[in-house]
Structures are given as structure tokens and as C-alpha cells.
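Open the structure in your viewer and keep the selection tool ready. This tour goes from one stop to the next.

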Amino acid sequence: MNYLSVENLTKSYGDRILFQDITFGIDQGQKVAFIAKNGTGKSTFLRILFGTEGYDSGNIVFRKDIKTGFLSQSPEYAEDKRISDVVFDAKSEQIQAVLDYELAAKSNDPEFLQRTLDRMDALDAWNYETRIKQILGELNIHDLDQKIGELSGGQLKRIALAQVLIEEPDFLILDEPTNHLDIEMIEWLENYLSKENITLLMVTHDRYFLERVCNEIIELDDKILYKYKGNYSYFLEKKQEREEIFEANVAKAKNLYRKELEWMRRMPKARGTKAKYREDAFYKTKEVAHQRKDNSKVSIEINMNRLGGKILELHHARKAYGDLQILEDFSYVFKKGERVGIVGKNGVGKTTFLNMLLGTEMLDGGKIVQGETVVFGYYTQKGMQLKDDKRVIETIKDIAEVIPLTKGKKLTAAQLLETFLFPKSMHYNLVEKLSGGEKRRLYLLTILMKNPNFLILDEPTNDLDIVTLNVLEDFLEDFPGCIIIVSRDRYFMDKLVDHLFIFEGEGKIKDYLGKYNDYRLEQKEKPQQAVVPEAKKEQPQIEDNRTKTKLSYKEKMEFEQLEKEIPMLEDKKEELQRALLENTSNHEELLRLTEELGELTNDLDQKTDRWLELSEFV
């Protein structure tokens with residue numbers, strides 16, 4: 001069933017054409033990613049589809065009976081609104097029933113409560129309530145009375161995401177949905193969008209997210225749209241094949257062009273019909289032969305200041321803000337060429353830690369010793385202060401005209417701009433004309449132009465397109481100095497870092513030798529009972545101070561469900577125990593069964609405890 005048809009869509013700003021004659025369709029159940037370079041109008045494209053921005057020509061047709069939801073890259077709301085006003089701003093009877101029920105549960109009006117219970121039953125809204133609370137809990141949204149004007153940009157993005165998921169539209173259009181989410185939230189959203197029966201079109205730079213969620217990718221490259229029926233791995237494979245075919249066709253055309261050029265020079269100006277046909281073919285061949293595509297990787301041998309024997313050392317470092325412990329007796333000595341990734345939940349002090357390394361935040365105790373040869377390059381979202389009235393190349397030249405390379409070579413400001421996907425045609429554009437991603441890319445170059453030997457990158461991948469990320473990764477892979485990276489981009493981290501500083505909270509930092517993906521797999525394999533109390537505590541709770549004498553309707557439903565589930569789990573447990581006895585010689589199978597039995601036992605214990613708790617009131 002077709003949900004969206006786009007035919008010959010064209011959009012331009014003055015002389016600048018963003019895209020021209022784009023044609024594609026999206027059917028029910030498809031999960032499609034849109035990939036293009038920064039500045040080619042990805043966000044504009046999504047806004048056009050949702051109807052919040054106009055276009056020059058073409059047709060956009062949505063199926064009439066479907067509901068569409070849109071997540072903007074930078075959502076905006078009235079500052080005097082509360083979070084609840086935004087999150088529940090949907091014309092849905094179920095949402096209104098849930099809101100009334102929440103209100104009635106806090107009141108002392110039995111009649112009001114009964115009316116809301118009856119309405120919840122009539123609309124079958126109990127599952128809806130559970131789903132709402134799950135979404136809010138996973139996105140760490142708890143204080144629904146907080147004013148929008150008090151929130152950060154990251155909090156606003158999570159509020160907007162919660163709103164669009166709670167509305168449960170038939171077709172989701174998402175612009176960078178993983179921006180400002182911590183890694184646990186990203187993995188939850190990844191799971192949610194993969195399993196739910198959702199039709200989806202999104203722009204994202206998160207390549208693991210693309211890999212695990214999308215089943216189709218459309219790419220806009222040099223104003224031509226290419227379609228790939230598969231996930232990100234399939235896209236990379238087929239894109240490489242396409243580029244190899246392109247290069248082969250260009251090489252073939254060049255050979256033919258040389259031969260035909262000789263013929264063109266020999267033939268007289270007055271030509272017959274056959275000769276005229278051959279002449280027309282010559283010009284087509286010439287056009288193909290002169291096509292260019294830069295597929296080269298970034299390899300810049302920087303002649304940076306050499307790092308000495310002492311680089312950066314932390315000795316018994318301590319730092320706290322009131323009750324929030326950031327560091328507690330942390331010691332570490334950085335070595336040459338070290339590449340460290342920093343991960344942890346929001347609010348555990350990752351950015352504060354970086355500021356302490358740079359000397360802009362003071363320790364409470366211990367010391368940090370910096371080597372004399374260390375030159376820091378610090379990329380942080382808050383540090384981007386580009387002047388809108390400057391030209392792109394002037395912004396770079398204000399820092400340095402050239403970067404010194406090895407063997408006496410130099411890289412000019414213009415050459416560095418081209419390396420990081422700023423063609424010559426953009427060098428004299430005003431900074432204010434750049435897209436958000438292009439501005440971040442330019443800011444990154446201002447850091448690199450200072451020729452640092454110790455890079456500290458705080459969320460460098462936000463708003464960068466996949467093409468730029470590949471260029472940045474190529475550059476950093478060849479970077480000879482030390483690197484510290486704070487990033488939610490798991491693919492980026494896995495490609496570049498050797499080990500991780502895991503901020504576990506309460507001042508504890510674990511040094512994990514390995515990639516981020518390895519760490520997350522280990523975490524998932526651990527028994528889950530340790531995290532259950534925290535998850536329960538975080539869920540929004542309905543306050544009811546009255547003495548409990550009987551089960552609510554919802555609890556009765558839960559009790560009945562548990563009575564069905566517990567015997568089934570007990571049977572499954574017996575099956576696994578038998579399987580363990582039968583597979584004593586197969587080590588791998590034995591390990592798998594043991595892990596599965598452990599998880600099932602934990603689940604069974606929790607459900608049995610809950611059944612006993614509810615049975616008190618039956």
C-alpha cells in the first residue's frame with residue numbers, strides 16, 4: 001500500500017538548486033533513510049514533504065487516510081507552555097482519557113475516578129497509558145509541569161520526540177532523531193523503531209542506527225537520486241559497485257573519445273547524414289569522458305609539534321559539585337598516540353572532566369600535570385563562535401594561511417577547505433549562508449588549522465552528514481597525536497578509539513580496553529536484576545495516598561496475566577534445565593543455555609514476587 005508518492009520535485013534558492021526532478025515512493029512498512037551531503041537540503045526536503053516549506057515544482061501526494069508525524073531537527077515551542085501541554089498536544093481520545101485518569105487518581109473524588117475508569121475501559125486505553133509512560137521514562141522525561149523556557153536544546157528534542165511517538169502516526173518523518181539522546185536512549189529508540197509496525201522516512205548520521213532500523217536508503221548525489229533496497233551495509237556495497245561502474249564507463253569513454261577526436265579533426269566541415277550521427281555521438285562521449293568524481297581518501301601527514309615524554313598525567317584527582325561526585329581518586333598517565341573514548345549517561349560529568357584536563361575547571365584535590373610540548377585542540381558545541389559576516393576562507397585564514405606537513409610540504413587554507421568538502425565555489429560565501437552542518441564542519445577546521453598534537457572532541461559528529469564523517473574519520477585515523485572523543489556516535493567511536501573511560505557515576509571511572517560495541521554487548525549479557533529497581537523508580541508514578549483495600553482494574557488485568565505467564569515460564573525453565581543435562585559436552589551451547597536460564601529465572605522471580613504482592617488484595 002503506497003503511503004507517499006513524490007514526482008519531479010524541484011527546490012532552489014535563487015541560482016542555487018538544492019535538488020531537481022526527484023521522484024520516489026514509500027510504501028507501508030518501509031523504513032527509509034535519506035542520505036546526502038551537508039548543504040544539499042536534507043532538512044529542507046523533509047520540511048517540504050511535511051508541508052511546512054514550499055517548493056518550486058513537482059507533486060507530493062500522501063495517502064488520504066493516514067496520519068503523519070514530523071520531528072524537526074530544531075523543534076520550537078512557546079516558552080510559557082508546560083511539558084505536558086506539548087507532549088499531550090494531540091487530538092486523541094485515548095490521550096485525553098489517560099490525562100483525565102491521572103488527574104482523577106490524584107483527587108479524592110470517587111465518582112470522577114469511576115467515570116475515568118469507565119472511559120479508559122471503553123476506549124481500551126490501558127495499554128496506551130503503559131506505552132506513554134514507557135516512552136516518557138525511556139527518554140528521561142519526568143517533571144511534566146516544567147516550563148519549556150527552562151529547557152535546553154537537547155531536552156526540547158527529547159520532548160518533541162516523545163510527542164511524535166505518543167501520537168502514534170502511521171507515517172513518521174524524523175530529522176536527526178538521535179541528536180541529544182544518550183546512548184541508552186538511542187539503543188531503546190533503535191529497538192522501538194525496528195520492532196514496531198512503523199512506516200518511516202528519516203535523516204540521520206548515526207550509521208549503526210541506519211544499519212539496524214532501515215530497510216531502504218535513498219541517496220542524493222550530485223543532484224541525482226539513487227535507491228538501495230537494503231540496510232547501510234548493503235548501501236555501502238552497492239554504492240561502491242556503482243562508483244566502480246561509473247569509473248569503468250568514464251575510462252571506456254576516454255579511450256573512445258581519443259579515437260573519435262582524431263576522426264573529428266580529419267573530417268571536413270561539410271558532413272553527410274552518417275557522419276553527422278557520428279558527430280553527435282562524439283559529443284555525448286566527450287561529456288562522459290570529462291566527468292569527474294573525487295573518491296580519494298584524506299591522507300594528510302601533519303608536521304605537528306612533537307610530543308615529549310610527559311604528555312598528560314592525573315594523580316588522585318577529585319572533583320564534586322555538592323552531592324554530585326565527578327571524580328574520586330582518579331589517576332591516569334596518557335601515552336603517545338593514545339585514543340580514548342568517553343562514555344556515560346548525561347549529567348555524570350564528561351564535559352567537566354574535559355574542562356579539567358584543559359585547566360578551565362579546578363580540581364578539589366589531587367593534580368593534573370601537562371607536558372610542555374602539548375598543544376590542545378578542543379572542539380566543543382558551545383565553543384563555536386563563527387562570524388556570520390566573514391567569508392568561509394577568511395575564517396580559516398584568520399587562524400593560519402597554511403598547515404605545515406612533513407617533508408617540507410604545506411597545505412593552504414583553500415586546499416584544506418577542499419579536503420573537507422568545501423569546493424572552491426563556496427570559499428567566498430558568507431558564513432551566514434552555510435547550513436548548520438556546514439558551520440560545524442568549518443568550526444572543526446578552525447581547530448585543526450591550529451595544528452594541535454592533542455585533540456579533544458566533544459560530540460564532533462552532531463549535524464555532520466555521513467560523507468563528512470567519512471572524511472573526518474580518514475583524517476583522524478592518520479592523526480599522529482593523542483585523541484579523546486566524547487560521542488554518542490557508536491560507529492565513529494568503534495572506528496577510532498582503542499579503549500574507553502566509562503563514567504559509571506559517583507566519581508567512578510572504569511578503564512575498559514576494547515571497542516564501545518564490545519562493552520555494550522557485555523553489559524547486555526549481565527544479569528538484569530541490578531537495573532530493575534532504578535528503572536521502576538524512574539517511571540512516572542500516580543500518587544494515591546489512600547489506604548489500599550482492593551486491586552484497581554489495571555492491577556486485576558495484570559494479576560490475571562501473571563497467572564497465565566508464570567506456569568509457562570516454569571515449564572520453559574524445566575525445558576532449559578533438561579537441555580543443560582543433554583548438552584554437557586557442547587561448551588558453546590552449554591554457555592548459551594546457562595545465560596538463557598539465568599535471564600528466565602530472574603524474570604520468573606520478578607513476576608512471582610509481583611503475583612504475591614497483588615494476591616494480598618484478591
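A note before moving on. This is a predicted model: local features need pLDDT of at least 70, side-chain atom pairs count only at pLDDT 80 or more, and totals for chains, interfaces and linings use all residues. Residues are numbered from 1 along each chain as its sequence is written, and side-chain values use heavy atoms, leaving out hydrogens and water.

Next, select F353 and F503. Their ring centres are 5.4 Å apart and their planes stand at 70°, so this pair is edge-to-face. (Rings of Phe, Tyr and Trp, the last by its six-membered ring, pair if their centres lie within 6.5 Å; planes under 30 degrees apart count as stacked, over 60 as edge-to-face and the rest as tilted.) F353 is buried at 0% relative accessibility, and F503 is buried at 5%.

Move to R242. R242 lies over the face of Y226, 3.6 Å from the ring centre. (A charge sits over a ring if NZ of Lys or CZ of Arg is within 6 Å of the ring centre and within 35 degrees of the ring normal.) Then try R212: its charged end sits over the ring of Y208, 4.7 Å from the centre.

Last stop: L193. Leaving aside neighbours within four places in sequence, L193 is in contact (heavy atoms within 4.5 Å) with residues including K31, L172 and F209.

How values were computed: Buried < 20%, exposed > 50% of the residue type's maximum accessible area, 1.4 Å probe, protein only.
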